[in-house]
Amino acid sequence: MSAPRFGFFFWPWSPEYTARMASLGERHGWDLVGIADTPGNAMDPWVALTLAATRTERVGLAACVTNFRTRHPAITAGAARSVDTVSGGRMVLGVGTGHSGVVNVGARASATAGFREELRFTRALLAGERASLGGTTMALPAPGRRVPVYAAASGPGALYTAGAVADGAFVNHGLQAEHVARARARIADGDFFQ
């Protein structure tokens, strides 16, 4: 197990606010600054993440979190790779099944099985591999660093999915010792529920 890392996320209300929050995260020694994706409520997360990348040098950056309903997994992978390149290798892609981000555009959250396949596809693309989804095979141009893909996870199914196919998890499950232990156990069990 690695040492704990600490971060925060915010909604990118404006370019000025986004630049200020990213700069504060770096200045005050946070490990990660995450930018939320909620269409219709704030700036586009990829524009905001690029802005944050140009205003910081050290702090990790994350899409915290986006989804595959409002953007195809290949588009998401390409955007994450682009921000990773601009930031000098500081990007973490956080993806969930969808909450406010999908509701705001009249869509539904991803089903568990489809979400797992989309995570696998995205991770393969970001690892520089050719990958297939829905009968289409592709690869990203100019392979770069393997961008980590984290799954947003709260419930048992999402925690198992994170453990089965993601590099890590953004857990929204409580901070008490028993909550953390339960989340860790379900993530660890993910390999058995593929």
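**Helix α6**

I began with helix α6 (residues 156-165) in this predicted model. I counted seven of its 10 residues as buried, so the helix is largely enclosed by the rest of the structure. Buried means under 20% relative accessible area, exposed over 50%, and partly exposed in between, with a 1.4 Å probe and protein chains only. The buried ones in α6 are Leu159, Tyr160, Thr161, Ala162, Gly163, Ala164 and Val165. Helices here are DSSP runs (H or I, at least four residues), strands likewise (E, at least two), numbered from the N terminus.

**Ground rules**

I noted that residues are numbered from 1 along each chain as its sequence is written, and that side-chain values use heavy atoms, without hydrogens and water. As the model is predicted, local features need pLDDT of at least 70 and side-chain atom pairs count only at pLDDT 80 or more, while totals for chains, interfaces and linings use all residues.

**Helix α2**

Next I looked up α2 (residues 45-55). At its start, a side-chain oxygen of Asp44 comes within 2.9 Å of the backbone nitrogen of Trp46. Its buried residues are Pro45, Trp46, Ala48, Leu49, Leu51, Ala52 and Ala53. Their cover includes α1, β2, β3 (60-67), α3 and β4 (91-96).

**α2 against α3**

How do the axes of α2 and α3 (residues 73-87) cross? They come within 9 Å and cross at roughly 15°. That makes α2 roughly parallel to α3. Axes are lines fitted to C-alpha atoms, for helices over the stretch in contact, with angles from 0 to 180 degrees between N-to-C directions. Under 35 degrees counts as roughly parallel, over 145 as roughly antiparallel, 65 to 115 as roughly perpendicular, and the rest as oblique.

I then listed the contacts (heavy atoms within 4.5 Å). From α2, Trp46, Leu49, Thr50, Ala53 and Thr54 meet Thr76, Ala79, Ala80, Val83, Val86 and Ser87 of α3.

**Two threonines**

Thr18 sits in helix α1 (residues 15-27). Is Thr18 buried or exposed? At 0% relative accessibility, Thr18 counts as buried. Leaving out residues up to four places away in sequence, Thr18 touches Phe10, Pro12, Trp13, Ile35, Met43, Ala48 and Leu51.

I found Thr38 in the loop between β2 (32-35) and α2. Thr38 has 5% relative accessibility, so Thr38 counts as buried too. Its side chain makes a polar contact of 3.1 Å with the side chain of Trp11. A polar contact is a pair of N or O atoms within 3.5 Å; within protein, one must be able to donate a hydrogen and the other to accept it, and residues adjacent in sequence count only if both atoms are side-chain atoms.
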